Amino acid sequence: MLRDISAAIIRHTALSRRHLTPELVLRLITPECPLWRAKEDESPFRDPFWAFYWPGGQATARYILDNQDLVKDRNVLDIGCGCGAGSIAAAKMKAKYVLANDIDHYALAATHLNANLNGVLIDTSSKNLIGTKCEEFNVILIGDMFYDDDFSHTLFEWLIKLHEAGKTILIGDPGRHGLTEKRRRHVQMLAEYKMPRESQEENNGFTKTKVWKLNKLI
Ligand SMILES: C[S@@+](CC[C@H](N)C(=O)[O-])C[C@H]1O[C@@H](n2cnc3c(N)ncnc32)[C@H](O)[C@@H]1O
């Protein structure tokens, strides 16, 4: 199954560096790909196709590439890895171990392809790890996962527990509604990035994206 998915991804995506992390080359569905305008029934992928490079993931990956100390020699878990860029950035910046996690098999297939393209080794897992203790990990990456109210609640409560257990939690987010004002009281903004023009066009008008660190408990 993974081989079929990978073949479909290769066929329908283009190599791109037109994002916040041009150091990474990624197989993505871009406006140059016929699929960009395809109707749902013309797509070979189950809807939605998650392995885009979302603004949140772009922010965390950019931050990691610019701040190697955050991941160097540490064990990094990328929850909801999508196209895998956060994991790839962590591996490039010499993390001891990287696990790219996503419950979507298409995302994991894209992550494998993208890791190979960038010459890094990462493990992948399709288990739902939300709610687990993640004992072996020091750094948790969350890219663009605050898009749904109920899920945001579950996710944030879990992240608070992981933070209390001493883990570094990095959240990339362009301003999704699930990262509410109340939740933003628990986080500190580490960086804000203007997205490249092409990337803005590919992301429904988001122009800026931010990195937050969970660190204030009320
Ligand atoms: C908006 S995408 C973000 C992808 C990537 N982090 C980025 O920013 O480019 C959200 C991802 O979370 C994944 N996801 C949703 N629920 C999940 C769960 N419980 N565990 C792991 N991944 C999950 C989806 O399959 C999807 O790939």
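**Briefing: fold, core and ligand shell**

Among contacts in the protein between residues at least 6 apart in sequence, 71% join residues at least 24 apart, where a contact means that the C-beta atoms of two residues, placed from the backbone, lie within 7 Å. This is a predicted model, in which local features need pLDDT of at least 70 and side-chain atom pairs count only at pLDDT 80 or more, while totals for chains, interfaces and linings use all residues. Residues are numbered from 1 along each chain as its sequence is written.

**Overall fold**
- The protein has seven helices and nine strands, taken as DSSP runs numbered from the N terminus (helices H or I, at least four residues; strands E, at least two).
- Along its principal axes, the C-alpha trace of the protein spans about 50 × 35 × 30 Å.

**Core**
- Of the 218 residues in the protein, 44% are buried, that is, they have 20 or more other C-beta atoms within 10 Å of their own, with C-beta atoms placed from the backbone.
- The largest nonpolar core has 61 residues, and I64, A89, A90 and I142 have the most contacts inside it; such a core is a set of buried Ala, Val, Leu, Ile, Met, Phe, Trp, Tyr and Cys residues joined through C-beta atoms within 7 Å.
- Helix α4 (residues 105–117) gives the most to this core, with seven residues.
- Leaving aside neighbours within four places in sequence, I142 is in contact with I79, G80, L159, I169, L170 and I171.

**Ligand surroundings**
- Around the ligand there are 21 residues, of which W50, G57, G80, G82 and G143 come nearest, a residue being near if its C-beta atom, placed from the backbone, lies within 6 Å.

Terms used. A residue is buried if 20 or more other C-beta atoms lie within 10 Å of its own, exposed if 12 or fewer, and partly exposed in between; C-beta atoms are placed from the backbone.
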